[in-house]
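Okay, thanks everyone, I'll keep this short. Have a look at the sequence and the model while I get going.

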Amino acid sequence: MHKAEARRLIDEAREAWEAEEWLRAADLYERVLEHFPDEGPSPVWWYDAALAHKFLRNWEKAYELGREAAARAPRGEGDPAYWNLGIAATIRRDWATAREAWTGFGIDLPDGDGEIMGSFGHACVRLDTDGRREVVWIERLCPTRGRVVNVPVTEGRRYGEIVVHDGEPKGERILDGVTFPVFDELLLFEASELPTLEVTVAAGEADDLRALLELFGDHGYGAEPASSVRMLCACCSEGTHQQDRSVPAGAQTVSLAAPEEDARQLLARWAQGATAGRSWSGLSAVR
């Protein structure tokens, strides 16, 4: 391939990119890279080809091309080639490459050489289940994985599952004056075995309901009152929203994530923990 032909193909690749024709753009970049893998601008071509396959959720190609992009990127400077490789390597469960990618990006990791199980704070993830979207809170285990710590209302999703999320925030949530990013889910990485239940509870005081949530949390389970769920349009969901931590008294439905027998025992303990004002009924499995 002559350089004039390569320039023409790169121009076509950029046009395809602008049109969001990801597969065509990647194919054109790869045709040029077969002949010019280390030309001056080739790191950008490798990166764009890998990113196009990431958009296509073709993780094998994103990994293959991402390794080439990262090999040509400066270390420790936050180059996005390392981030995209970290995502693809994580999805492949190639922990050695994932660790190398995050370190190359400039992130300090917990010691070890296997699966990354760190403590990277809290964030929000926009779950995507066949087009049904729901924003939930997660505990971040690594730069791209998090454990869901809400009881999702979307059918098929569960408290405690681990998801892989993108690196670019799409919205913010503010809680107690602290701003948390909202990331888009890329895929479900590890399912949860905890079933989702529903129960109607009556709480005489807000502290009564708060005590229920804390009781389930202390046992590694989840509890989510219906009053905490807000419905937002897609556009608004990607904006900045203040999270309300108020827990109202009265009767309402609470979603629980726990084995049914454990849930019954905890509900009974909760109801007996006050002189009056606490009761529950109608515990049933929903998914």
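This is a predicted model: local features need pLDDT of at least 70, side-chain atom pairs count only at pLDDT 80 or more; totals for chains, interfaces and linings use all residues.

The protein chain has nine helices and eleven strands. If you box up the C-alpha atoms along the principal axes, you get roughly 85 × 40 × 35 Å. There are 287 residues, and 45% of them count as buried. On contacts: take the ones with a sequence separation of 6 or more, and 58% of those are between residues 24 or more positions apart.

H1 runs over residues 3-18 and H2 over residues 22-33, and their axes come within 8 Å. How are they oriented, parallel or antiparallel? Well, the axes cross at roughly 160°, and anything over 145 counts as roughly antiparallel, so H1 and H2 are roughly antiparallel to each other. The crossing is left-handed, by the way.

What's in the interface? On the H1 side you've got, among them, Leu9, Ile10, Ala13 and Trp17, and on the H2 side residues including Trp22, Ala25, Leu28 and Tyr29.

Asp48 sits in helix H3, residues 42-55. Is Asp48 buried or exposed? Buried, and yet it has no salt bridge. The nearest side chain of opposite charge is Arg14, and that's 6.4 Å away, while a salt bridge needs the nitrogen within 4 Å of the carboxyl oxygen.

Compare another aspartate. Asp27 is in helix H2, and it counts as partly exposed because its relative accessibility is 38%. For a sense of distance, Asp27 and Ser119 are 92 residues apart in sequence and 38 Å apart in space, C-alpha to C-alpha.

Last bit, backbone torsions. Most residues other than glycine have a negative phi. Glu20 isn't a glycine, and it has a positive phi of about 60°. You'll find Glu20 in the loop between H1 and H2, and it's exposed, at 55% relative accessible area. Arg57 also has a positive phi of about 60°. That one lies in the loop between H3 and helix H4, 59-71, and at 39% it's partly exposed.

That's me done, over to you.

Methods:
Residues are numbered from 1 along each chain as its sequence is written. Side-chain values use heavy atoms; hydrogens and water are left out. Helices (H or I, at least four residues) and strands (E, at least two) are DSSP runs, numbered from the N terminus. Buried means under 20% relative accessible area, exposed over 50%, partly exposed in between (1.4 Å probe, protein chains only). Lys and Arg count as positive and Asp and Glu as negative; His and the chain ends are not counted. Axes are lines fitted to C-alpha atoms, for helices over the stretch in contact, and angles run from 0 to 180 degrees between N-to-C directions. Angles under 35 degrees count as roughly parallel, over 145 as roughly antiparallel, 65 to 115 as roughly perpendicular and the rest as oblique. A crossing is left-handed if the near helix is turned anticlockwise from the far one by less than a right angle, and right-handed if clockwise. Contact means heavy atoms within 4.5 Å.
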